[in-house]
Amino acid sequence: MLFGTRRHRRRRELLDAGFTDAWRDLCDARLDWWRELSDDELQRLEAVALGLVAEADWEPANGFTITEEMQVLIAAQAALLTVNLPYEDPYRDVHAIIVHPTTAIMHGEHSQVDGVYSDDPTPILGQAEMHGPVLVAWDEVEDDVAHHGDGRNVVYHEFAHKLDMLDGVTDGTPPMAAELAGRWVPVCTEVYEAVVEGRGGEVLDDYAGVNPAEFFAVATEAFFDDGIGLQAEHPDLYGCFRDFYGQDPAGWYEG
Ligand SMILES: [Zn+2]
């Protein structure tokens, strides 16, 4: 009861304080795309990120301590995906965010990919479950923040899964307008098949060939973290993602 009361008070304090100047300074210093967003986009980003920081249960792995800085950097990157999406409360199904200090090793029967079960110990950088928590390894998040442009980002990956799951199906096609879906499915299918056949190019990680859901998550990483590379290798795919997310990361950093 005491715990619950304390948590409630903390949540109230966070919501009352809003996205603070200290958080803005942190994001500006660590996230190199921060200054590429318009004021409207930042406003939306801050609202979504504040919601995650204040409303989600942040669960540290045993013996680990989650700092406010970690929360803000994870939440801001997650919120980047949503700034121009037409969704009300895009992360309404993210109730808990688990942070491990380093890459977690899963033992026993487990599934990293829907429907694919394994008994082998498997290292995981992150995980997202339908109606379940998002898990990320903090050292991986820090590495991604430090190396923008390599096309890899565990936060984009796991939160892309959560967007994909909004319609109740993890199939690589999140909710979108019919006009866009008409282009999306054939374009994604063509590139997905190329990845499966080993001719997917350099920018998309091979993991994109596991299934269409992983394809969407991996392509989202590349779109936001190496937009120029994705546009050069897969212009049609880049165009679909640009129209879906309503953002144009290949045009960031000009000048
Ligand atoms: Zn995944």
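Predicted model: local features only at pLDDT ≥ 70, side-chain atom pairs only at ≥ 80, totals over all residues.
Residues are numbered from 1 along each chain as its sequence is written, and side-chain values use heavy atoms, with hydrogens and water left out.

Let's start with the metal. His157 (NE2), His161 (NE2) and two OE atoms of Glu214 coordinate the zinc ion at 2.0 to 2.7 Å. Donors here are N, O and S atoms within 2.8 Å of the metal (3.2 Å for Na, K and Ca); water is not among the atoms, so sites may look incomplete. Along the chain, the donors follow the spacing H-x3-H-x52-E. His161 sits in helix 6 (residues 154-164) and Glu214 in helix 8 (residues 212-225), so this pair ties together parts 53 residues apart in sequence. Helices are DSSP runs of H or I, at least four residues, numbered from the N terminus. Both His161 and Glu214 are buried, meaning under 20% relative accessible area, with exposed over 50% and partly exposed in between (1.4 Å probe, protein chains only).

Now, how many salt bridges does a search of the whole structure find? The search gives 16, each a side-chain nitrogen of Lys or Arg within 4 Å of a carboxyl oxygen of Asp or Glu. One of them joins Arg30 to Glu142 at 3.8 Å, N to O. Another pairs Arg199 with Glu197 at 2.7 Å, and both of those residues are exposed. Finally, Glu179, Arg183, Arg242 and Asp243 are linked in a salt-bridge network. Thanks, everyone!

Definitions and conventions
Helix = DSSP H or I, 4+ residues; strand = E, 2+ residues; numbered from the N terminus.
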